[in-house]
Amino acid sequence: KAVERTAHRLKGSAGNFGKSKAVMAALNLEVLGRKGELADIDSAYQTLQNELRQLQTALSDWHRTEVLA
């Protein structure tokens, strides 16, 4: 249940930034958690982590160009 809840929250947060790949990765993790199918959880987590890193990079780039300019 903790995996499901956390992934659900991350899905909403990523959606606020319009990052559909991160949303889909979080949704996949959420569904795995809901179903209790933890065999593929490491791969799903890695995918989500990669997508969130890309979001973090995009936000940092935006901050440098828009806020600090």
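User: In this predicted model, which side chain meets that of Glu 4 in a salt bridge with an N to O distance of 3.0 Å?
Analyst: The model is a predicted one. A salt bridge requires a side-chain nitrogen of Lys or Arg within 4 Å of a carboxyl oxygen of Asp or Glu. At 3.0 Å, N to O, the partner that meets the side chain of Glu 4 is Arg 34.

User: How many residues apart are Glu 4 and Arg 34?
Analyst: Glu 4 belongs to helix α1 (residues 2–16), whereas Arg 34 belongs to helix α2 (residues 20–35). The pair therefore links distant parts of the chain, and the separation is 30 residues.

User: Is Glu 4 buried or exposed?
Analyst: The limit for a buried residue is under 20% relative accessible area. Glu 4 has a relative accessible area of 14%, so Glu 4 is buried.

User: Which residue forms a salt bridge with Lys 11?
Analyst: The closest N and O atoms of this pair are 2.8 Å apart, and the partner of Lys 11 is Glu 30. Because Lys 11 lies in helix α1 and its partner in helix α2, the pair ties together parts that are 19 residues apart in sequence.

User: By about how many helical turns are Glu 30 and Arg 34 separated?
Analyst: The side chains of Glu 30 and Arg 34 also meet in a salt bridge, at 2.9 Å, N to O. Both residues lie in helix α2, 4 residues apart, so the separation is about one helical turn.

User: Which residues are linked in a network of salt bridges?
Analyst: The count of salt bridges comes to 5. Among them are Glu 4 with Arg 34, Lys 11 with Glu 30 and Glu 30 with Arg 34. The network links Lys 1, Glu 4, Lys 11, Glu 30 and Arg 34.

User: Which residues make the nonpolar surface patch of about 340 Å²?
Analyst: Patch residues must have over 30% relative accessible area. Val 67, found in helix α3 (residues 41–67), is partly exposed at 45%. The patch is made by Trp 62, Val 67 and Leu 68.

User: What pattern does the chain follow along the sequence?
Analyst: The chain has 3 helices and 0 strands. Its C-alpha atoms fill a box of roughly 45 × 20 × 15 Å along the principal axes. Read along the sequence, the pattern is α-α-α.

Conventions:
Residues numbered from 1 in each chain as written. Predicted model: local features only at pLDDT ≥ 70, side-chain atom pairs only at ≥ 80, totals over all residues. Heavy atoms only, no water. Patch = residues over 30% accessible without salt bridge, like charges linked within 9 Å, V, L, I, M, F, W, Y side chains within 5 Å. Areas by Shrake-Rupley, 256 points an atom, 1.4 Å probe, with all protein chains shown as cover. Helix = DSSP H or I, 4+ residues; strand = E, 2+ residues; numbered from the N terminus. Buried < 20%, exposed > 50% of the residue type's maximum accessible area, 1.4 Å probe, protein only.
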